[in-house]
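Reader: Please take one part of this model and go through it closely. I would like the open sheet, strand by strand, and then whatever can be said about the packing elsewhere.

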Amino acid sequence: MAWPNPRQPFIAEWGGHPIGELHVSTMRADVHSVIRSPAMVRSDDTGDFLVLVVTDGHVRVTQNGRSGVLEQGSFALLDCAAPFEFEAESNFRQVVIDTPRPLLEARLPQRVLEQGTGLPISGISGTGRLVSRFLLDVAEQDRTLPTGSAVSISSVALDLLVTALTDSATETDPTKISHARDLAEVQRIVERQLHDPALSLSRVAAEAGMSVRHIQNLFREQGTTPPRLAVPHTGGAST
């Protein structure tokens with residue numbers, strides 16, 4: 001674990017409790033990064049899965065060659081039995097659902113688990129929105145839940161999570177995956193500099209290492225345009 005200035009204190013708040021067979025925790029923390037290395041995996045027999053639901057700020061997760069930004073209720077599955085990287089690009093808040101490995105392995109094919117780790121799932125629309133809201137509601141439940149109710153709630157949470165992971169794993173078209181990652185990167189750059197009056201689409205493109213035409217197409221695929229940016233006319237082929 002590391003944070004930008006080790007001479008300054010690192011501030012975070014954490015709290016959690018079990019709900020049925022799951023452990024649910026909430027966290028607020030300053031900018032920092034965490035690397036779970038192969039050596040750590042070998043020395044630590046923790047093999048649970050973690051579901052991260054980010055409600056405020058930006059968090060980048062990377063595992064099994066997949067990387068994406070979590071924000072606005074989006075979530076991702078991380079496998080503690082494999083290396084991963086976690087980078088909070090701003091102060092953030094998140095909910096973490098610690099899921100015992102056998103519970104997911106009993107519900108999902110190995111292929112889906114392998115393809116689902118490190119893959120951001122939007123919390124804004126579709127199944128992801130429903131799952132995200134339910135997981136956040138689960139995190140707000142206290143320890144006074146009757147045992148039977150807690151077990152039922154955790155089972156429903158797992159079933160919804162399985163549905164979202166299955167849906168995301170079927171979207172394996174390389175172009176779609178690449179475009180989703182590019183769009184997340186552009187949105188991150190735009191949001192970070194949104195209040196800069198000099199912000200332009202060409203500057204965003206330069207920072208992202210993409211062409212203006214490519215960024216236009218990314219937003220066009222979503223049926224929208226870059227927020228508050230003048231979209232210049234571009235000619236010729238994209239690069």
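Author: What follows starts with the sheet and then turns to the nonpolar cores and the confidence of the model.

The model is a predicted one. Its open sheet has four strands in the order β3-β8-β5-β6, and the pairing is antiparallel. β3 (32-36) and β6 stand at the edges; each has a single partner strand, so one side of each is left without a neighbour in the sheet. Direction ignored, neighbouring strands of this sheet are turned by 10° against each other on average.

Take the pairing of β5 and β6. Strand β5 covers residues 59-63 and pairs with β6 in the antiparallel sense over five bridges.

Strand β6 itself spans residues 66-70. Although β6 stands at an edge of the sheet, the strand is mostly covered, with four of its five residues buried. In this setting, buried means under 20% relative accessible area.

Next comes the pairing of β5 with β8. Strand β8 (residues 84-88) runs antiparallel to β5, and four bridges join them. Here V59 stands opposite A88 in β8.

Now the packing. The largest nonpolar core has 28 residues, and V51, F75 and L104 are those with the most contacts inside it. Elements giving two or more residues to this core include the strands β2 (22-29), β4 (49-56), β7 (75-79) and β9 (92-99), along with the helices α2 (101-105), α3 (110-116), α4 (126-139) and α5 (147-169). The largest share, eight residues, comes from α5. Apart from this core lies another one, of 15 residues, and A88 is among them, as are L50, L78 and V96.

L104 is worth a separate look. Not counting residues up to four places away in sequence, L104 touches F49, L77, T99, L113, L158, L161 and V162.

Last, the confidence. The protein averages a pLDDT of 85, and 87% of the residues score at least 70. Over residues 230-239 the pLDDT is below 50, and this stretch has 15 contacts in the model beyond near neighbours in sequence. Where pLDDT is low, predicted coordinates should not be read in detail.

Note on methods: Residues numbered from 1 in each chain as written. Predicted model: local features only at pLDDT ≥ 70, side-chain atom pairs only at ≥ 80, totals over all residues. Heavy atoms only, no water. Core = buried A, V, L, I, M, F, W, Y, C linked by side-chain atoms within 4.5 Å. Buried < 20%, exposed > 50% of the residue type's maximum accessible area, 1.4 Å probe, protein only. Contact = heavy atoms within 4.5 Å. pLDDT = per-residue confidence, 0-100. Pairing = 2+ DSSP bridges. Axes fitted to C-alpha atoms, helices over the stretch in contact; angles between N-to-C directions.
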